[in-house]
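These are my notebook entries on a single model, kept in the order in which I looked things up.

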Amino acid sequence: MGQHLLAGLANIQNQVTSSGANTLVVMLGSNDLSYATSPAATIDNVRTYIQTARAAMPGIDVVVGEVVNKYDPWTGVYSLESEGADYASRLRTLATQLNTASERVVVASTRTGWDARDHTWDGTHPNPTGEALIAQRMSQALASIGIGTSTPDISGAKAWNVAAPALTGLTPGSEQATLSWNRTSTGATGMYIHVRNVDTDEPWNPLPYAVGGSGWTAELLAAGGTYQFRNAPAKGWNTGLPGPASTVTVGGPQPGAIASLAARSTGESIYGGMRITADWSASANSTGYLLSSRMGGTTGAEAWSNLPYPVSDTRTWTWEPLYPGRWHEMRVRGVRGFLNSAWKVSNKERTLGTPGEQVHVGLGDSYSAGVGAEEDHVYFDGSCYRSGEAWPYKILQYSVTNRENWACTGAVVAGIANQRTYLRQKFAKHPGRPAVVTMTVGGNDVGFSDELKRCITSDCTSRESAMNTKIDAMRPTLAAVYRQIVADAPYADIYVGGYPGLLEPAGTSLAAACIPITRPEREMVQRLARRLNNVISYAANDAGGGVFAIGNGLVTRFAGHNACVGGIHEWIHAQVAAYLVESFHPNRSGQTAYAIEFNNLISQLSAGG
């Protein structure tokens with residue numbers, strides 16, 4: 001390679017003598033025509049070359065190949081076209097002059113069919129296809145003087161089926177990997193590096209250029225990703241076969257924990273439905289964030305629904321469109337390549353609006369059971385005095401499609417455990433539906449009924465301090481039962497109500513139960529009701545998201561309509577002699593007042609209030 005005729009002249013005598021060959025096959029002149037001499041001068045050197053060979057081995061036959069063209073891949077220009085044609089013409093003349101019967105000289109038509117663009121590695125040196133073409137032309141020339149045969153034709157496209165050896169080294173780093181190899185066994189001038197990400201099952205991707213030397217570092221890899229690498233030998237613009245693959249998992253900075261994540265309802269979506277927006281704190285080392293959400297219903301939450309791609313470092317995201325009036329949780333994790341931080345889960349957040357096809361379960365005491373609502377004093381459940389006219393049947397008339405009321409007269413907080421069993425059974429029959437729970441409880445625990453009896457029979461105002469103590473002590477007890485209901489139905493709207501003022505301070509009723517109760521006693525009962533309602537509200541807040549209390553709205557709504565006001569304006573029975581259980585409980589008008597107050601609370605929540 002790189003030899004001129006002059007260099008060949010210096011060696012040919014020893015080469016012929018030492019080999020003892022009787023036939024010389026030679027193809028020289030490309031470098032001479034390119035850099036050293038003209039076609040005419042080159043022919044003179046060929047003449048001397050043949051004569052020197054004959055002197056070393058008389059009777060030797062000589063086959064001389066033509067000089068083929070070259071190709072510059074950068075400019076797309078061929079060279080040695082005219083020089084090669086001139087040289088070939090002169091070479092055939094020389095062959096005629098030197099050819100004898102005992103020392104034959106023939107020219108091989110190596111220019112025939114030759115294209116340096118397709119038949120070389122690099123525009124100059126023959127690739128396997130070029131080698132086969134030259135060999136075919138040489139065999140044809142030899143056959144013309146009776147040496148061998150020119151058939152079958154061995155020319156045509158030939159692949160360079162040389163496989164790269166296995167990598168000698170593959171070292172992982174931080175978001176990079178360093179490769180090393182030995183290419184000398186392949187005769188390659190470089191290596192095409194192939195890479196694929198195993199985690200994403202992507203196809204092999206070769207670099208667009210061959211890498212020289214014996215090593216290379218792949219950078220900007222995804223942290224924590226598993227990659228495979230292999231090489232394919234390159235020689236000029238010809239490529240061999242890929243070698244075996246090697247696998248490595250790269251490292252990288254671990255994304256840090258997300259300290260805070262808060263979800264908030266942000267109203268209606270322009271796409272229909274509602275929106276929830278979440279904001280979160282930064283995750284150290286993260287290049288983005290993976291997001292996920294889930295919606296809850298009667299039997300718990302749906303599976304998490306993941307956004308299929310990480311978002312950039314905005315640290316805020318709005319999910320839309322979402323169903324109205326449903327509870328959702330969002331979660332976020334920092335991501336860097338294939339490394340993730342732990343998920344950070346948000347608070348439960350309710351979208352605005354009222355959902356359809358709700359399942360409603362009522363719990364609680366006589367104020368939810370509907371005692372006092374039946375004008376004929378006949379109840380469909382005699383032991384609990386449940387009434388179909390109770391206020392739980394009057395709320396959410398257009399959105400609840402399945403409803404049960406398990407409230408029971410005389411129920412205290414401890415008794416709610418039995419009612420919760422029915423709640424769980426009911427919701428289990430309607431999985432995934434929006435859920436509503438309503439309840440009143442606490443009045444029996446603090447002994448309101450007994451206190452009213454005392455007020456009828458004697459002055460009870462001295463009991464106010466003791467009653468206040470009992471009421472205040474109810475806060476953790478109520479919060480505990482609310483949390484139990486949240487555990488039973490974590491994605492339900494849980495509405496807890498209190499009690500009206502019961503007795504009208506300025507009422508003029510002459511009912512037997514009203515006459516003995518003085519105005520100071522009536523005002524005390526009103527204060528106790530307000531205090532208990534406040535404790536219920538505090539306990540609802542203590543229980544966490546999903547529990548909403550009416551507060552003292554009932555006291556306000558029933559003002560002027562409490563027991564002992566007298567006449568048609570009375571929404572609460574005074575003492576009912578034949579049916580004492582109905583005494584100081586709302587009649588049908590009172591049930592409607594309860595329903596209005598609960599509906600107002602629900603509407604306020606649905607509107608974002």
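This is a predicted model: local features need pLDDT of at least 70, side-chain atom pairs count only at pLDDT 80 or more; totals for chains, interfaces and linings use all residues.

**Entry 1**

Residues are numbered from 1 along each chain as its sequence is written, and side-chain values use heavy atoms, with hydrogens and water left out.

Which residue meets the side chain of Lys426 in a salt bridge? I found Glu404, at 3.3 Å from N to O, the term salt bridge requiring a side-chain nitrogen of Lys or Arg within 4 Å of a carboxyl oxygen of Asp or Glu. The two lie in distant parts of the chain, 22 residues apart, with Lys426 in helix 8 (residues 416–428) and Glu404 in strand 25 (residues 400–405); helices (H or I, at least four residues) and strands (E, at least two) are DSSP runs numbered from the N terminus. Glu404, at 25% relative accessibility, counts as partly exposed. I also recorded a network in which Arg420, Arg424 and Asp488 are joined by salt bridges that share partners.

**Entry 2: other charged pairs**

I counted 23 salt bridges in the structure. One of them pairs Glu329 with Arg294, whose closest N and O atoms are 2.8 Å apart. Glu329 belongs to strand 20 (residues 327–336) and Arg294 to strand 16 (residues 288–297), so this pair ties together parts that are 35 residues apart in sequence. I listed Glu329 as buried at 10% relative accessibility, and Arg294 as partly exposed at 22%.

I then looked at Asp118 and Arg117, whose side chains meet in a salt bridge at 3.8 Å, N to O. Asp118 is partly exposed at 42%, and Arg117 is likewise partly exposed, at 43%.

**Entry 3: two buried polar residues**

Asn405 is found in strand 25 and is buried, with a relative accessible area of 6%. A polar atom of its side chain lies 2.9 Å from the backbone oxygen of Ser368. Beyond residues up to four places away in sequence, Asn405 touches several others, among them Gly362, Leu363, Arg386 and Tyr393, a contact being heavy atoms within 4.5 Å.

His430 sits in the loop between helix 8 and strand 26 (435–440), and at 16% relative accessibility it counts as buried. Setting aside neighbours within four places in sequence, I found His430 in contact with Thr298, Val359 and Asn402.

**Entry 4: a helix pair**

How do the axes of helix 12 (residues 474–488) and helix 13 (residues 519–543) cross, and within what distance do they come? I noted that they come within 8 Å and cross at roughly 45°, the axes being lines fitted to C-alpha atoms over the stretch in contact, with angles from 0 to 180 degrees between N-to-C directions. That makes helix 12 oblique to helix 13, since angles under 35 degrees count as roughly parallel, over 145 as roughly antiparallel, 65 to 115 as roughly perpendicular and the rest as oblique. Residues of helix 12 including Leu478 and Tyr482 meet a set in helix 13 that includes Ile536 and Tyr538.

Definitions and conventions. Buried means under 20% relative accessible area, exposed over 50%, partly exposed in between (1.4 Å probe, protein chains only). A polar contact is a pair of N or O atoms within 3.5 Å; within protein, one must be able to donate a hydrogen and the other to accept it, and residues adjacent in sequence count only if both atoms are side-chain atoms.
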